[in-house]
Amino acid sequence: MLAASRIDEVRQAVAELAQAAPTARDLMQQMVKALHERMLKYNWVGFYLLEPGADPPVLVLGAFEGAMTPHTRIPLNQGICGAAASSGRTVVVDDVSKDPRYLACSLETKSEIVVPVFVQGKVVGELDIDSHFSSAFTLEHQELVQYCAMLVGTKLEASGR
């Protein structure tokens, strides 16, 4: 019950952030901070956005909380991030050591979730979360992260991105 109430509490908090944030950029910065601080197993939280006009397409690191990452630019054909953006589907990896797509950022990372961000039905970026715990992302976590990505997509769409 505690985990469910925490998720509900964080869901409400990010909804309030979405209402109050003046821009999508502000929302992403506040959201990664809130998720990183309030969800104990979310050890690295960040947004990657598709670079406008890049050929081939590339994801560029935006707002994030956690350790620095060497992966500030990720081609769509690389990694779990590239897989989520290319397919337009959420990718949950319970054990990154068993997924050949994983681009190692930290030896501590055990599991990862990547959720695409959509504007007008097109992928424009994604929310990427790493955990130092195996199988950290339950269905409830997946729904929370998808909700966060939807809030950002809505804010980006409102700003005319």
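Biologist: Which strands does helix α3 lie across?

Modeller: Helix α3 (residues 79–87) lies across β1, β2, β3, β4, β5 and β6, at about 35 degrees to β5. Helices (H or I, at least four residues) and strands (E, at least two) are DSSP runs, numbered from the N terminus. Contact means heavy atoms within 4.5 Å. Axes are lines fitted to C-alpha atoms, for helices over the stretch in contact, and angles run from 0 to 180 degrees between N-to-C directions. This is a predicted model, where local features need pLDDT of at least 70, side-chain atom pairs count only at pLDDT 80 or more, and totals for chains, interfaces and linings use all residues. Residues are numbered from 1 along each chain as its sequence is written, and side-chain values use heavy atoms, leaving out hydrogens and water.

Biologist: What is the order of the strands in the open sheet?

Modeller: The 6 strands run β3-β2-β1-β6-β5-β4, with antiparallel pairing. Because β3 (73–75) and β4 (91–93) each have a single partner strand, they stand at the edges. Two strands pair if DSSP finds at least two bridges between them.

Biologist: How many bridges join β5 and β6?

Modeller: Strand β5 (residues 111–119) pairs with β6 over 9 bridges.

Biologist: Why is S131 called buried?

Modeller: Buried means under 20% relative accessible area, exposed over 50%, partly exposed in between (1.4 Å probe, protein chains only). S131 has 0% relative accessibility, so S131 counts as buried. This residue lies in strand β6 (residues 122–131).
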